[in-house]
Every structure is written in C-alpha cells, then in structure tokens.
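These are my notebook entries on one protein chain.

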Amino acid sequence: MRPWTAVPPQQGRRFVITGANGGVGFQVARILGSRGAEVVLACRSLEKGEAAARQVPGYDAGRVVVRRLDVADLASVRAFADALLSEYDGLDVLVNNAGVLGAPYALTADGVETHFATNHLGHFALTNLLLPRIRDRVVVTSSREHRRGSDIDLDDLAWERRPYKPFAAYAQSKLADLLFMSELQRRLAAAGSDVRAVGAHPGASSTNITSGTGHPIITWIGYHGQRLVAMPAWRGALCTVYAATMDIPGDTYIGPHGRWELHGWPSAARRSAAARDTGLARRLWEVSEKMSGVTFPSL
C-alpha cells in the first residue's frame with residue numbers, strides 16, 4: 001500500500017500550490033491529484049508547469065491546470081490573484097510552497113531581497129489577496145533552518161547595512177514564514193473565521209532547491225549530497241499533504257518525526273523561541289503590509 005493512500009479522499013476540493021513544477025510542490029500535487037483533488041499548479045514557467053501537470057493524476061480529466069505566478073514579483077502576484085478570483089468562486093487550500101535557497105545577493109523588481117521576496121513576502125501578499133475566497137486553510141512551508149534566523153533585522157531586510165549571507169537570509173525568511181503563520185491564525189481567530197493557518201517542513205528531502213545558488217561547487221554538493229542522505233521528495237511532501245488535509249488545529253506545525261526532524265513520517269514539529277515571539281510576529285506583519293501594499297482583508 002502506498003503511504004499516500006492514507007490521505008482522505010479529496011474529490012471536490014480545490015488546492016492551489018505555488019512552485020509546483022518540481023521538488024516537494026510537484027510531489028504534493030501528485031499525491032493530492034491521486035486522491036481526487038482539483039489542483040492549480042502556480043508556476044513561474046508555464047512550459048515547466050505544463051510538463052509537470054501532465055504527470056499529475058487527474059490531468060486528463062481536467063482536474064489539473066497550470067497558471068503563471070512569480071511569487072518574487074508583486075505585480076505577478078496581484079495578476080495571478082485577480083485571474084484566479086475571476087475564474088473560480090473559491091478554493092479550499094492554498095499551499096505556499098515556492099522557495100529559493102542560497103541565492104546570490106539580488107533585489108527583485110520591487111526592491112526586495114530575493115529570499116525574503118520569494119519565501120515570505122510574495123506568499124504574504126498572495127494569501128491576503130485570496131483569503132476571502134479560501135474555504136479551509138492556508139499551508140505555509142518553513143524549514144528546520146528557521147532556528148538559525150533568530151537575528152532577523154526588520155529594519156534591514158535588504159541587507160544594506162550587513163554583510164550579505166545567503167544561507168542566513170534563507171533562515172530568516174523561513175523564520176518569517178512561521179511568524180506569518182502564527183499571526184495569520186491569530187487574526188483569523190479574532191475575525192471569527194473558520195479558516196486555519198498551518199505550517200509544514202519537509203525535513204531533508206531530495207530536491208533541486210540548491211540549483212539557484214549561482215555557485216557551481218555549492219550547487220554540486222547540494223545536489224549530490226541530498227541524494228546521498230535525504231529522503232525522496234515524495235516522503236518530504238507527505239508533511240505538507242498532512243498539514244493540508246488532516247483535521248489539525250490552526251497554528252500547527254508539521255515535520256518529519258525522526259531525529260533532528262531530518263527524516264520520517266509527519267508529526268508535530270518544534271519551532272524556535274523566536275518563532276513564538278508574538279511581538280516580533282506583529283512587527284513583521286506591519287512591515288510586510290507596508291512592503292507589499294496588501295493588508296488583512298475583511299472576512
């Protein structure tokens with residue numbers, strides 16, 4: 001029996017998954033498609049997205065579609081949200097999966113550092129734009145590396161006053177994801193909404209996430225190292241699928257059950273003290289609203 005057969009049937013439920021043309025996001029789409037879900041693959045490249053979609057169960061039945069989204073570009077985020085809201089009357093689950101790791105220093109078209117823009121800010125904007133039409137939950141993808149991001153500087157997110165460290169920027173963006181998840185859940189609860197915000201991380205999963213480092217040696221080590229010690233991507237994806245489909249409370253964080261949360265089956269994951277800092281979460285939310293121009297909607 002395949003492990004994902006334990007996932008409840010998902011017929012009639014619509015999922016939007018960012019960055020679903022490869023890695024964990026693609027495996028999440030495949031698992032959900034195999035359980036009968038309608039899946040929207042939100043991808044930067046339509047060509048790669050279509051190639052991936054053809055491998056997702058349900059594609060031939062019209063249950064799998066591809067739409068263009070570059071989460072690092074706020075104009076693209078708004079265009080995607082507008083198009084989605086005009087096309088569908090609602091969606092059940094938004095899976096904020098797209099991410100980058102170890103990218104060289106660069107600012108996006110919006111003047112935002114690449115890790116923060118891709119891993120957090122674009123998803124912050126997308127979530128709030130779609131929230132009035134989300135029926136069930138928002139899944140935020142973080143990382144066990146968020147524990148290394150406790151020195152996040154909300155006054156220098158562009159790294160203008162500090163020496164740039166790409167892996168530190170990644171860790172801080174993943175801390176931002178967990179702070180966003182918790183603050184979103186608090187705001188949903190205060191608004192009396194039944195929508196929940198939950199999170200997941202895939203542990204050590206074999207993907208191509210290090211392909212954007214711009215450093216051939218680091219990319220090579222990351223690619224081959226993952227294949228030596230990491231789980232297959234589909235096993236890491238089970239943590240996200242669990243968070244997206246199981247009956248768990250808001251502000252739940254799921255990761256592999258094994259030692260150091262590197263390998264294993266979905267279980268409750270640990271988060272750092274910084275990730276539980278409600279004051280920091282509120283300040284991050286305020287900064288994110290200002291940077292994105294998107295606020296928490298009326299529900």
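Predicted model: local features only at pLDDT ≥ 70, side-chain atom pairs only at ≥ 80, totals over all residues.

**Entry 1: Tyr 105**

I began with Tyr 105, which I located in the loop between β4 (91–96) and α4. Its relative accessibility is 38%, so Tyr 105 counts as partly exposed. I then asked which residues Tyr 105 is in contact with, leaving aside neighbours within four places in sequence. I found Glu 113, Ala 158, Trp 159 and Tyr 164.

Trp 159, a contact of Tyr 105, lies in the loop between β5 (134–141) and α5. Is Trp 159 buried or exposed? Its relative accessible area is 9%, and Trp 159 is therefore buried, the cut-off for buried being under 20%. I recorded a phi near 60° for Trp 159, which is a positive value in a residue other than glycine.

Asp 251 also has a positive phi, near 70°, and is likewise not a glycine. I placed Asp 251 in the loop between α7 and β7. Its relative accessibility of 27% means that Asp 251 counts as partly exposed.

**Entry 2: the chain as a whole**

I next looked up the totals. The chain contains 8 helices and 8 strands. It has 299 residues, of which 56% are buried. I considered contacts between residues at least 6 apart in sequence, and 74% of them join residues at least 24 apart.

For confidence, I noted an average pLDDT of 91 over the chain, with 89% of the residues scoring at least 70. One is residues 209–213, for which the model has 19 contacts beyond four places in sequence. The other is residues 220–225, with 6 such contacts.

**Entry 3: helix α8 and its partners**

I examined how α8 (residues 278–292) packs against α4 (residues 114–130). Their axes come within 10 Å and cross at roughly 85°. An angle from 65 to 115 degrees counts as roughly perpendicular, and α4 and α8 are therefore roughly perpendicular to each other. From α4 the contact draws on Phe 116, His 120, Leu 121, Phe 124, Ala 125 and Asn 128, and from α8 on Leu 284, Trp 285, Ser 288, Glu 289, Met 291 and Ser 292. By class I recorded 7 nonpolar, 4 polar and 1 charged residues.

I then turned to α5 and α8, whose axes are 9 Å apart at an angle of about 95°. These two helices are therefore also roughly perpendicular to each other. The α5 side of the contact consists of Ala 176, Leu 179, Phe 180, Glu 183, Leu 184, Arg 186 and Arg 187, and the α8 side of Thr 278, Leu 280, Ala 281, Arg 282, Leu 284, Trp 285 and Glu 289. The classes here are 8 nonpolar, 1 polar and 5 charged.

Within α5 (residues 166–190) I looked up Ser 173. Ser 173 counts as buried because its relative accessibility is 1%. A polar atom of its side chain lies 2.7 Å from the backbone oxygen of Tyr 170. Not counting residues up to four places away in sequence, Ser 173 touches His 115, Phe 116, Asn 119 and His 120.

Gln 10 is in the segment before β1 (14–18). Gln 10 is buried, with a relative accessible area of 2%. A polar atom of its side chain lies 2.9 Å from the backbone oxygen of Pro 8. Among the residues that Gln 10 touches, I listed Phe 15, Leu 32 and Thr 245.

**Entry 4: Asp 247**

My last entry concerns Asp 247, in the loop between α7 (233–245) and β7 (253–256). Asp 247 is exposed, with a relative accessible area of 74%. Which side chain does the side chain of Asp 247 make a polar contact with? I found that of Arg 196, at 3.3 Å.

Terms used: Residues numbered from 1 in each chain as written. Heavy atoms only, no water. Axes fitted to C-alpha atoms, helices over the stretch in contact; angles between N-to-C directions. Helix = DSSP H or I, 4+ residues; strand = E, 2+ residues; numbered from the N terminus. Parallel < 35°, antiparallel > 145°, perpendicular 65-115°, else oblique. Contact = heavy atoms within 4.5 Å. Nonpolar A, V, L, I, M, F, W, Y, C, P; charged D, E, K, R; others polar. pLDDT = per-residue confidence, 0-100. Buried < 20%, exposed > 50% of the residue type's maximum accessible area, 1.4 Å probe, protein only. Polar contact = N/O pair within 3.5 Å; in protein donor to acceptor, adjacent residues only side chain to side chain.
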